Amino acid sequence: MAPYIALTKPRVIELLLVTTVPTMILAAGGLPSLWLVLATLVGGAAAAGSANVLNCYIDRDIDKIMNRTKRRPIVTGEISPRAALVFGLALGVGSLAWLYLVVNPASAWLTATAILIYVVGYTMILKRRTPQNIVWGGAAGCMPVLIGWSAVTGGLSWTAVLLFGVIFFWTPPHYWPLSMKFRNDYAAAGVPMLPVVAKDTKVAREMIAYTLAMIACSVLIWPVQGTTWVYGVLSIGLGLWFLWTCIGLLRRAEDPSRGKLRAMSVFHASITYLTLLSVALSVDVFLPL
């Protein structure tokens with residue numbers, strides 16, 4: 001089973017699910033049904049796994065070239081392309097049926113949209129054609145907050161849209177530092193990630209622009225959802241901290257004498273930011289303020 005589990009990219013799934021539970025707590029205004037949370041996480045994990053397996057199936061040609069991906073099970077021959085395709089499709093159909101029957105139809109339809117965005121929109125259409133691939137393809141990674149919200153409420157709200165915006169604008173400054181580290185891999189595979197086709201200074205400036213939009217969405221949740229001042233202060237503080245890491249990347253890109261680019265430090269900081277913001281949203285619901 002290990003090679004099949006590896007194809008689902010468990011660490012990516014883990015990051016996606018980090019945002020689902022806080023969203024459900026926020027939507028419920030407290031602890032939602034534990035069964036509902038578990039059912040949503042199971043369906044969401046299976047759906048994300050399906051999209052990731054299908055991504056590995058479609059990208060198996062370039063995965064052979066890239067050092068970062070050349071040990072994936074399809075490339076090494078541990079799993080045949082046909083078996084991977086069947087596994088990915090089965091996970092997708094099973095996850096949608098589960099969410100439709102056990103959670104609600106809205107969550108199932110949103111999940112189907114997420115799979116299509118990632119597999120068709122990003123992997124098949126955008127990834128090999130445009131430097132902005134991760135911007136629009138990254139919308140699939142924003143869907144868990146909409147799915148989590150709809151699982152609790154049966155619909156969407158402006159708060160859910162703002163949460164979507166936070167992750168949408170977070171995705172480029174999260175992923176582009178990783179692309180900087182592996183730019184030679186992407187170049188060899190012919191994948192035009194922005195750090196492959198643009199100077200580091202341009203990439204860093206765009207990261208700062210997206211980060212500012214991300215901060216704006218995170219802070220707007222304060223008045224729109226009516227969270228406490230604790231979340232408001234934390235959202236501003238965390239946002240400014242992550243913005244400072246992006247500015248540091250720009251300063252090092254502009255002046256190499258400041259030292260190595262340290263792009264991966266920004267990548268890890270992005271994960272810390274999203275995790276702490278999610279914790280802040282969850283805890284704020286229970287504050288007696």
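**Helix packing in a predicted model**

User: Which residues of helix H8 are buried?
Analyst: Helices here are DSSP runs (H or I, at least four residues; strands are E, at least two), numbered from the N terminus. A buried residue has under 20% relative accessible area, an exposed one over 50%, and a partly exposed one lies in between, with a 1.4 Å probe and protein chains only. On that basis, the buried residues of H8 are Ser107, Ala108, Leu110, Thr111, Ala112, Ala114, Ile115, Tyr118, Val119, Tyr122 and Thr123.

User: What pLDDT do side-chain atom pairs need to count?
Analyst: Residues are numbered from 1 along each chain as its sequence is written, and side-chain values use heavy atoms, without hydrogens and water. This is a predicted model, in which totals for chains, interfaces and linings use all residues, local features need pLDDT of at least 70, and side-chain atom pairs need pLDDT 80 or more.

User: Which helices are included in what covers the buried residues of H8?
Analyst: Contact means heavy atoms within 4.5 Å. The cover over the buried residues of H8 includes helices H4 (34–58), H7 (81–103), H9 (133–137) and H10 (139–153).

User: Where does H8 bend?
Analyst: A bend is the angle between axes fitted to the seven residues ending at a residue and the seven starting there. Within H8 (residues 105–126), a bend of about 30° falls at isoleucine 117.

User: Are H14 and H15 roughly parallel or roughly antiparallel?
Analyst: Axes are lines fitted to C-alpha atoms, for helices over the stretch in contact, with angles from 0 to 180 degrees between N-to-C directions. The axes of H14 (residues 200–226) and H15 (residues 229–254) come within 9 Å and cross at roughly 175°. Angles under 35 degrees count as roughly parallel, over 145 as roughly antiparallel, 65 to 115 as roughly perpendicular and the rest as oblique. H14 and H15 are therefore roughly antiparallel.

User: How many charged residues has the contact of H14 with H16?
Analyst: The H14 and H16 (residues 263–284) axes come within 12 Å and cross at roughly 5°, which means that the two helices are roughly parallel. Met207, Met214, Ser218 and Ile221 of H14 meet Val266, Tyr273, Leu277 and Leu281 of H16. With Ala, Val, Leu, Ile, Met, Phe, Trp, Tyr, Cys and Pro as nonpolar, Asp, Glu, Lys and Arg as charged, and the others, Gly among them, as polar, this contact has 7 nonpolar residues, 1 polar and, as for charged residues, none.

User: What share of the residues in the protein is buried?
Analyst: The protein has 16 helices and 0 strands. Its C-alpha trace spans about 55 × 50 × 30 Å along the principal axes. Of the 289 residues, the buried share is 51%.
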